[in-house]
Amino acid sequence: MSAHPTTSPAAPGSLPGALLKNRHVSGWLLASPLGLVLAVFLLLPIAMIAVVSFWGATEFSIYPDFQWDNYAFLLSSPVTYKVFLNTFKYAVLTWIFTLGIGFTVAYFLAFHIRSLTWQIALFLLCTIPFWTSNIIRMISWIPFLGRNGIANSTLMSMGVIDAPLDWLLYSDFSVILAFVHLYTLFMVVPIFNSMMRIDRALIEAAYDAGATGFQTLTNVIIPLCKPGIMIGSIFVVTLVMGDFITVRFMSGSQSANVGRLISNDIALLQYPSAAATAVILLITVLMVIGILLRFVDIRKEL
Amino acid sequence: MDRRPRSFYLLAAFFALFLLFLYGPTFTIAILSFQGPEGGLTFPMRGVSLHWFRDLFEQQAVGDIWGSFGRSFTLGLMVMVTTVIVSVMGGLAFRKRFAGSGVLFYMVVTSLVIPSILVSLGVGLIFSQSGLDVHWATSGFGAQLTWTLPFGLLIMFAVFNRFDKSYEEAARDQGATAWQTIRHVVLPIIAPSLIGVALFGFTLSYDEFARTLLTAGSHNTLPLEIYGMTTNVTTPVIFALGTLTTAFSLAVIGVFLATVWTMNRRRARRGSDAGQGMV
């Protein structure tokens, strides 16, 4: 098991011993590896992106500078607004679907499956597909949705349609479908977790007081699940807003979101421009999370 | 047993559809990976063969699959071990409030929600501008930790929330030092959850694409290799790879689950004397 060098015993009463007893010192000693990793690989990179967003670029290299050109170009281009709007569209639609499906699945597992063993077994069953590479899971939709794919040939043989549907693949539909496929579990887990914490006596009480199933759902269960719903929403919204690869694959490079804007700039070695877009994306994501966090005290829920 | 309400069957049907939705595409490519040599990326099947799996084992047919698999596996193990150690230490630290714990907590949350490509871009820029070479074992490793550590820490929060502190008090009352208490009381109790953290750490790393994109350097990890393949490979060999990686992942969880199961059995056999006392 893991070693714990920082909490090695020190003789009680000695100076280091007394220092280690201080909760601030011991807390920081224990948390220092975590803090160090986050400082070097999270804060420093964010600062670097912010700095580079003001730099200039030639075709082959970037050079330190302080100029607003990157932002000026970004904020004056109609493409930016279109792409941001598209990003929000994907985020909102995916959020609605993952929430609906995730809540229903979590509800079924938490309230209708009575034994813990079965809950765990069914839950594991949901997670198994997630052990496959993300990208493989995305391309696995192609034989399904393509022009000659299973969906089209099934629908045609059933006589529902006469000609293959072209909008199944490489469209907004397939992008959202892939997002829902990839991220619904991120909604199920936190909602299930908060449902399991609901005191079953409250639900009995609601029934005893004459509430219908629907009333119990809207007046007891949903309010008590709010933390789980919020945490799941934060996951889904941030994952969708930062994504660039799902949109690229599933739209057949025909649609763009902010992530793709950044990755295209990176591919062209236009790092300052990518950094400026990244800063705007980060601000947007943090604002969305700020709004979501107003509904729940995340620290209290953990 | 009382009768199930009708809503149970409706919800069960919904759940079954959800499973079908999750598994359907994976099954599709698993079947298609057994296409005959003439087969393409879609149905109908043109014969059944192991042709595309054989292709995978020929170096020149596809990229450096086995090299990238080795790197991803090594990196996954590195990330796994680091995640377990750092998350346990962090989890222990957060049991008491300390100066700055709030700030650190919000850093963890930021790490969790920041778009992956930003971490990739930032870490890549830092390494390139400071003249260091990006490499999967340095910059890639660090970039992946910003994703695995928050998850590990969240699991530790859940674990320590349910932790019965009276065990520790008992150890202290008997004169155990802080380190002895952790080594002989806390760690054995939380060990099964640590396997969960390890599993999370490994698989999040093994599958991480965006955070490794600009930080892996000249040697690809497996997700990057797969990404490369999707743009230039148009044969079912990519489905064969998908089938193989899925099988590998299943084997990994199998091993982990077996470990948890064995630990629980050992614990049930040795740990408790319930039912063995005088009746």
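What is the relative accessible area of Tyr170(A)?

A: Happy to walk through this one. This is a predicted model, in which local features need pLDDT of at least 70 and side-chain atom pairs count only at pLDDT 80 or more, while totals for chains, interfaces and linings use all residues. Residues are numbered from 1 along each chain as its sequence is written, chains are lettered from A and ligands numbered from 1 in the order in which they are written, and side-chain values use heavy atoms, with hydrogens and water left out.

Tyr170(A) has a relative accessible area of 37%, so it is partly exposed (buried is under 20%, exposed is over 50%, and partly exposed lies in between, with a 1.4 Å probe and protein chains only). Its place is in the loop between α8 and α9 of chain A; helices here are DSSP runs of H or I with at least four residues, numbered from the N terminus. The backbone deserves a look too: Tyr170(A) is not a glycine, and yet its phi is positive, at about 55 degrees. Most residues other than glycine have a negative phi. Leu269(A) is another non-glycine residue with a positive phi, of about 60 degrees. Leu269(A) sits in the loop between α13 (258–267) and α14 (271–293) of chain A, and it counts as partly exposed because its relative accessibility is 39%.

Back in the α8–α9 loop, Ser171(A) lies between α8 (150–157) and α9 (172–196). With 14% relative accessibility, Ser171(A) counts as buried. Leaving out residues up to four places away in sequence, Ser171(A) touches Met250(A) and Ser251(A) (contact means heavy atoms within 4.5 Å).

Then comes Asp172(A), which makes a salt bridge with Lys89(A), their closest N and O atoms being 2.6 Å apart. The pair links distant parts of the chain, with Asp172(A) in helix α9 and Lys89(A) in helix α4 (residues 78–112), 83 residues apart. A salt bridge is a side-chain nitrogen of Lys or Arg within 4 Å of a carboxyl oxygen of Asp or Glu. Both partners count as partly exposed, Asp172(A) at 29% relative accessibility and Lys89(A) at 34%.

Over all chains, the whole structure holds 2 salt bridges. One of them is in chain B, where Glu168(B) pairs with Arg95(B) and the closest N and O atoms are 2.7 Å apart. Glu168(B) lies in helix α7 and Arg95(B) in the loop between α3 (65–93) and α4 (101–113) of chain B, so this pair ties together parts 73 residues apart in sequence. Glu168(B) is buried, with a relative accessible area of 8%, whereas Arg95(B) counts as partly exposed at 24%.

Thr181(B) counts as buried at 3% relative accessibility. Setting aside neighbours within four places in sequence, its contacts include Glu168(B), Ala171(B) and Arg172(B).

Terms used: Helices (H or I, at least four residues) and strands (E, at least two) are DSSP runs, numbered from the N terminus.
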